[in-house]
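Subject: A structure to look through

Dear colleague,

I am handing over a structure that I would like you to read slowly, with the viewer open beside this message. My notes on what was found in it follow directly below.

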Amino acid sequence: MLFLYFFLISGVEMPNPFHIAFPVDDLDAARAFYGEILGCPEGRSTNSWIDFDLYGHQIVTHLIPGACRKGDAEGGAVDGHNVPIPHFGVVLDMDDWKDLAQRAKRHGITFGLEPQIRFEGLPGEQATMFFCDPAGNALEFKAFADMKQLFVKQ
């Protein structure tokens, strides 16, 4: 949450939040994972969907029985690793990224890609980790020591 705090105290305008909606096959499992494990405040909900605040961005889990892929996502090659496609996540500041990595480990999350530094010593060096929610949706969380590296070309 330090990322959001920075924008509030710095007077810098926060970027527009994104919105993504995706299927889950168990709303209670989604509520436990996103709300309790990832620490996302819950917004509105019905018996078929739940809004969550993921670091200032709106994510919405929709109950779609039978629609979940449970880890069979195709992969793409990035820095010598096969990463699941599709995936989504948030670019965090380094302290929030480290806190999330520790929280995920404490909760026994199985990582598809363990927390690590990617592109070390190169333009765009970043911390990254991948894991899936209980429905099999792949998530990536990354951080940069220097946020100006976010869109730098290799």
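R44 forms a salt bridge with D51, and in this predicted model the closest N and O atoms of the pair are 3.0 Å apart. As background, side chains of opposite charge can pair when their charged atoms come close.

A search of the whole structure finds five salt bridges, and another of them brings together the side chains of R31 and E42, at 2.8 Å from N to O. This pair links distant parts of the chain, because R31 belongs to helix α2 and E42 to strand β2, eleven residues apart. Both count as partly exposed, R31 at 28% relative accessibility and E42 at 37%. The side chains of E140 and K142 also meet in a salt bridge, with 3.9 Å from N to O, and here both residues are buried, E140 at 8% relative accessibility and K142 with a relative accessible area of 18%. Salt bridges that share partners also join D28, R31 and E42 into one network.

In what order do the strands of the open sheet follow one another? Four strands form it in the order β1-β4-β3-β2, and the pairing is mixed. Because β1 (19-24) and β2 (42-45) stand at the edges with a single partner strand each, one side of each is left without a neighbour in the sheet. From one strand to the next, the twist averages 25°. Strands β2 and β3 (residues 49-54) run antiparallel and are joined by two bridges, and S45 has I50 in β3 as its bridge partner. Helix α2 (residues 27-37) lies across β1, β2, β3 and β4 (57-63), running at about 10° to β3.

The loops hold several details that deserve a careful look. T46 lies in the loop between β2 and β3, where it counts as partly exposed at 34% relative accessibility, and a polar atom of the T46 side chain is 3.0 Å from the backbone nitrogen of S48. In the loop between β3 and β4 you will find Y55, which is buried at 9% relative accessibility and has a phi near 55°, a positive value in a residue other than glycine. F119, in the loop between β8 (111-118) and β9 (126-132), likewise has a positive phi, of about 60°, although it is not a glycine, and F119 is buried with a relative accessible area of 17%. A cis peptide bond, with omega about 5°, joins I85 and P86, and P86 lies in the loop between β6 (81-85) and β7. These points are worth noting because most residues other than glycine have a negative phi, and most peptide bonds are trans.

Which contacts does the side chain of D93 make? D93 is placed in the loop between β7 (88-92) and α3 (94-106), and it is buried yet has no salt bridge, the nearest side chain of opposite charge, K98, being 9.2 Å away. The D93 side chain instead reaches the backbone nitrogen of D95 at 3.1 Å, and a polar atom of that side chain lies 2.8 Å from the backbone nitrogen of D96.

Conventions:
Residues numbered from 1 in each chain as written. Predicted model: local features only at pLDDT ≥ 70, side-chain atom pairs only at ≥ 80, totals over all residues. Heavy atoms only, no water. Buried < 20%, exposed > 50% of the residue type's maximum accessible area, 1.4 Å probe, protein only. Lys, Arg positive; Asp, Glu negative; His and termini not counted. Salt bridge = Lys/Arg side-chain N within 4 Å of Asp/Glu carboxyl O. Polar contact = N/O pair within 3.5 Å; in protein donor to acceptor, adjacent residues only side chain to side chain. Pairing = 2+ DSSP bridges. Axes fitted to C-alpha atoms, helices over the stretch in contact; angles between N-to-C directions. Contact = heavy atoms within 4.5 Å.
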